[in-house]
Amino acid sequence: MKIKKAKSLIFKLTIWYVVFLAIIIVIIGGFIFRSYRSGLINEIDHTLAEIADELDDTYWNHRKVSLEEAVEMVEKEFLHYHPYILIAKISYKKDDFLEKVIHTGDSYDENLVLSRKLYCKADKSALNPLYVTLEKREIPASPLRFILFPIRDNHILQIGLSLQAVYSKMGRVLIIIAFSGILLLVLASAGGNFVIRKALQPVVNVAQTANQITTDDLSHRIKAKKRQDEIGVLVDTFNDMISRLDTSVKKIKQFSGDVSHELRTPLTNIRGEVEVIMRKNRDRNEYKKTLKSVLEETYHMEKIIDDLLLLSRTEALTKENLNENVQLDEVLLNVYERYERNAHKKNISINMKKILPLVIKGQKALLGRMFSNLIDNAVRYTKSGGNIEITLDKEGDSAVLIISDTGIGIPGEAIPFIFDRFYVVDKSRSKDSGGIGLGLSIIKRVADIHGADINVHSKVDEGTEFEIKFPLS
């Protein structure tokens with residue numbers, strides 16, 4: 001399935017990255033701009049304070065100099081700043097709050113006169129001068145930055161400087177910050193998109209590989225160049241999943257083939273027997289013999305189906321599903337009683353050497369089936385005059401079941417495979433004994449469900465020993 005660009009994860013992550021980066025750039029740019037603006041305003045305020053101090057010193061140090069003359073002298077001294085200087089004498093009468101305004105003719109404008117509220121506030125803040133920014137179109141050099149400073153007898157010294165140069169610098173800086181931010185955003189976005197694409201490329205490879213995988217071809221794997229990040233973990237997990245699927249599919253195919261083969265044999269025998277008996281009339285004994293053979297093959301098929309159904313039912317079972325307390329010695333004794341007669345008929349002795357009363361968490365029926373298969377195998381593959389020994393003992397926190405016989409034994413190279421479904425060591429011998437290769441598979445599955453470990457020791461023509469360790473309840 002092809003993903004639309006607007007809905008792809010790469011596109012969404014890139015958009016989120018760009019938005020987040022843009023927010024960061026705006027915040028940092030705003031901080032830089034405000035810091036630069038504050039620095040410029042502080043320089044203006046410092047100059048205003050310097051002019052105010054000079055005027056105050058000029059007036060007080062020259063006793064014969066009037067306020068008008070002091071203003072004119074300071075304006076000439078700081079001519080390059082083009083200051084706007086006036087001295088307002090305020091009145092606290094309701095009708096008129098200004099008694100007079102002292103200024104020079106060149107720098108005065110009626111629009112420079114501020115509000116009564118500001119003058120009164122400046123008059124009360126003798127220790128801290130009041131700074132005011134005024135932006136009016138009527139002002140000659142709009143905008144202006146003022147300092148208001150009380151001197152004496154309700155006189156407020158007001159000095160203003162133009163902020164035109166400051167605003168011009170701020171405009172240039174703003175343009176530089178905006179251009180730099182946009183350029184940085186574009187470059188970082190391109191780089192971020194490249195990095196996101198590289199980071200998510202294994203995910204794209206996962207999808208492409210998944211599309212190539214079929215039950216007939218599970219050989220594909222994703223290459224991640226041994227990445228140690230989350231993507232590497234995803235790739236390794238996906239590859240492990242494919243490997244497990246490959247193993248499972250191979251087992252299913254093998255299982256299907258084995259089942260088909262095992263069921264085809266008795267069906268072929270049944271059909272052959274029936275076809276032979278129907279070619280001509282037979283006597284009663286021949287019919288009876290044929291029906292007996294058919295019945296035996298039916299039992300054989302039924303055995304296969306029952307074992308397969310048992311294995312199928314146990315696939316979903318785990319140790320956590322088993323909450324029943326099972327008395328192992330009781331289950332073992334019940335199975336022993338069922339097989340003692342068969343062993344006696346074959347002139348085989350079964351010895352119960354040591355049986356302790358032990359309890360585990362499990363399922364009684366499954367454990368009974370496990371013990372039945374173990375003892376049945378021992379009886380089946382032990383020759384007349386042989387011996388079988390059964391022990392149930394305790395070892396630490398485990399219940400240990402040991403079943404040993406003096407039977408035909410298992411070749412060493414076959415032991416790793418004896419628990420595989422439909423695996424038989426000797427095909428000809430298993431046919432005579434009735435084995436189909438599912439008994440040990442059931443034993444292994446039941447052991448796994450109960451958290452038990454199985455150890456097998458065997459020598460050809462000397463015998464076999466199965467040791468199973470169950471965790472005690």
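Contact here means heavy atoms within 4.5 Å. The model is predicted.

**View 1. Leu401 and its contacts.** Leaving aside neighbours within four places in sequence, Leu401 is in contact with Leu332, Phe371, Leu374, Ile390, Thr391, Leu392, Phe466, Glu467, Ile468 and Phe470. Leu401 is also among the residues with the most contacts inside the largest nonpolar core. Met370, Phe371 and Phe470 are the others named there.

**View 2. The largest nonpolar core.** This core has 50 residues. H8 gives the largest share, eight residues. A second, separate core has 27 residues. Val71, Phe78, Ile147 and Val173 are included in that second core. In soluble globular proteins, nonpolar side chains tend to be buried together.

**View 3. Helix H7 against helix H8.** Two packed helices are described by the angle between their axes and the distance between the axes. For H7 (residues 328-345) and H8 (residues 364-380), the axes come within 9 Å and cross at roughly 35 degrees. The crossing of H7 past H8 is right-handed. On the H7 side, the contact is made by Leu328, Val331, Leu332, Val335, Tyr336, Arg338, Tyr339 and Ala343. H8 meets them with Lys364, Leu367, Gly368, Phe371, Ser372, Ile375, Asp376 and Val379. By class, the contact has eleven nonpolar, two polar and three charged residues. Leu332 and Phe371, from this contact, also touch Leu401.

**View 4. Strand E10 between its partners.** E10 pairs with E9 in the antiparallel sense over eight bridges. E10 also pairs with E12 in the antiparallel sense, over eight bridges. For Asp393, the bridge partner in E10 is Val400. For Asp405, the bridge partner in E12 is Thr464. E9 and E10 form a hairpin with two residues between them. In that turn, Gly396 has a positive phi of about 65 degrees. Six of the eight residues of E10 are buried, so E10 is largely enclosed by the rest of the structure.

**View 5. Strand E4, buried on both faces.** Seven of the seven residues of E4 (residues 144-150) are buried, so this strand is largely enclosed by the rest of the structure. Leu144, Phe146, Leu148 and Pro150 point one way. Arg145, Ile147 and Phe149 point the other way, and all are buried. Ile147 also belongs to the second core, the one of 27 residues.

View 6. Strand E3 (residues 130-134) runs antiparallel to E4, joined by five bridges. Val132 has Phe146 as its bridge partner in E4. E4 and E5 (residues 155-162) pair in the antiparallel sense over seven bridges. Arg145 has Leu161 as its bridge partner in E5. The hairpin of E4 and E5 has four residues between the strands. Asp153 takes a positive phi near 50 degrees in this hairpin.

**View 7. Asn193 beside Thr14.** Asn193 lies in helix H4 (residues 164-212). Asn193 and Thr14 are 179 residues apart along the chain. Their C-alpha atoms are separated by 5.6 Å. Leaving aside neighbours within four places in sequence, Asn193 is in contact with Ile10 and Thr14.

Key: Residues are numbered from 1 along each chain as its sequence is written. This is a predicted model: local features need pLDDT of at least 70, side-chain atom pairs count only at pLDDT 80 or more; totals for chains, interfaces and linings use all residues. Side-chain values use heavy atoms; hydrogens and water are left out. Axes are lines fitted to C-alpha atoms, for helices over the stretch in contact, and angles run from 0 to 180 degrees between N-to-C directions. A crossing is left-handed if the near helix is turned anticlockwise from the far one by less than a right angle, and right-handed if clockwise. Ala, Val, Leu, Ile, Met, Phe, Trp, Tyr, Cys and Pro count as nonpolar, Asp, Glu, Lys and Arg as charged, and the others, Gly among them, as polar. A nonpolar core is a set of buried Ala, Val, Leu, Ile, Met, Phe, Trp, Tyr and Cys residues joined through side-chain atoms within 4.5 Å. Buried means under 20% relative accessible area, exposed over 50%, partly exposed in between (1.4 Å probe, protein chains only). Two strands pair if DSSP finds at least two bridges between them.
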